[in-house]
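Student: Hey, can we go through the disulfides in this one together? I'd like to know what links to what.

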Amino acid sequence: MPTTETSLLGLRTARTSAHRNQGPSSTAAIWRRWGAIAIAVAILPGCVNTRFRTGDPLFAFVAADEPRAAALARDMLTAGGNAADAAAAMALMMTATLPSRVGFGGGGVCVTFDAAKRENRTLDFLPRGAGTAAVPAFLRGVYALQGTMGKLRWEQVAVQAEQAAYRNPAVSRAFAQDLAAHGNRLDADARRILMPGGQPPAEGTPLAQTDAGNLLSQVRRLGVGPIYNGSFSGPVAQALGIDPAALRGYQPAWRGTVSVPQKPYDLQFADLPEAGAGQAIAAAWKAGEDAPAAQRVARALQALGTGGGAEAPAAGFTVVDGNENAVSCAFTLGAPFGTGRMVPGTGMLGAVPVTSAGFGAPALLTNVIVGRTLFGGTGVANPGDGRNAGPAALLAAALPAVLGETQAPAIHAGRPADIPGRVSLVTCQRNTENLSKACQASGDPRAPGVGYVVEIAPPDFGL
């Protein structure tokens, strides 16, 4: 059933898609600092974002695979942060709440839209490597995202994940399922932390991750430099069996996107060299252009090529702020819990190098002329899903959203069970007369995911 939350200030209520996890610890300190007043409203019905009309509140939208990460993003947005701040906070939070799929030793890919600059870009920080363990890319990637596009201080973005790691966060449903199915991959150090007592903890069990909290504390205070060039770099490289020079020299890559015109908007996919990336997704999208609407998804998936083999499991989210900036990201460790080997004293699991981008597929629908976002989505693979599961999940949702302007909850409700993966969505319907848009946010119930629509009011709103 939907849940209702009220902030400590008594000014915010939220109804979200069904899940059994509560949001992160209070962010009252951030609220006091920024003096923001906000109301997060139900995902049903969708809210109108009236960016092109004056005197109206703005709305932001969040959808994610992990409920507590989504709740933190909501609070970042109401505290004055933008899409990049919310995305970075969500990513860091997932290292504490879903470390089976998102971690310091792994990496990911994001598609971003800077509305002020009218610019779409891909942020590539995939976990790659020539040996059995990947070069840790996650922290450099998240740091680059927030430092390039964010508004808040890095400390504000990182502090909630640090506190979550220390404060015995309850094991989520998705994390409990991953532990039960794949906990046997963990080495002794990882089992000591993630499976105390030798058995996978059940959903709702408190689980402190002190080593990860210590690492996040360093990252919050000093940035990511100590991991790559400082006191942590030597032990990390030795424990993972990677070249210290590769760790010191690692940098994420900013590049363009693969664009498919959907006039007056353009659909943006990630530009990556790996198989299953934006070029393949764009080709699959175009493959069914002449097919009847009912056959578009099947034609696109046939062109993409699915089934056979297995993609790395992943987690993802999408966020669109009130000023039309947007970020969609997918993260992976290359396998459930990566290599299963933990760097002692850090909470960092090594990642298996990825050779395919089929684990996850972020996308945005934007108009660079007016600086507007109309769709955001990220498809990701589950353990055991076949080839291109992430892109398949994205295409199956994006086609009806973009071409038919079908809203996110209806897409999730009508999605065939045989389409692999899961997808987080922000979808909008346009009003061409007054230029407003009605949007909804929905996490995939298979995750179980969650979506928020957040009304953001200025400090002098009059309450």
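This is a predicted model: local features need pLDDT of at least 70, side-chain atom pairs count only at pLDDT 80 or more; totals for chains, interfaces and linings use all residues.

Student: OK, and how many disulfides does a search of the whole structure find?

Tutor: Two disulfides turn up. One of them joins Cys 110 to Cys 329, with 2.1 Å between the sulfur atoms.

Student: Which parts does the pair of Cys 110 and Cys 329 tie together?

Tutor: Cys 110 sits in strand β6 (residues 107-114) and Cys 329 in strand β12 (residues 326-332), so the link ties together parts that are 219 residues apart in sequence.

Student: Are Cys 110 and Cys 329 buried or exposed?

Tutor: Cys 110 is buried, and Cys 329 is buried too. Their link is right-handed, with 110 degrees about the S-S bond.

Student: What's the handedness of the link between Cys 428 and Cys 439?

Tutor: That link is right-handed, with 105 degrees about the S-S bond.

Student: And why does Cys 439 count as buried?

Tutor: Because its relative accessibility is 0%, and buried means under 20%. Cys 428 is buried as well, with a relative accessible area of 4%.

Note on methods
Residues are numbered from 1 along each chain as its sequence is written. Side-chain values use heavy atoms; hydrogens and water are left out. A disulfide is a pair of cysteine sulfur atoms within 2.5 Å. Helices (H or I, at least four residues) and strands (E, at least two) are DSSP runs, numbered from the N terminus. Buried means under 20% relative accessible area, exposed over 50%, partly exposed in between (1.4 Å probe, protein chains only).
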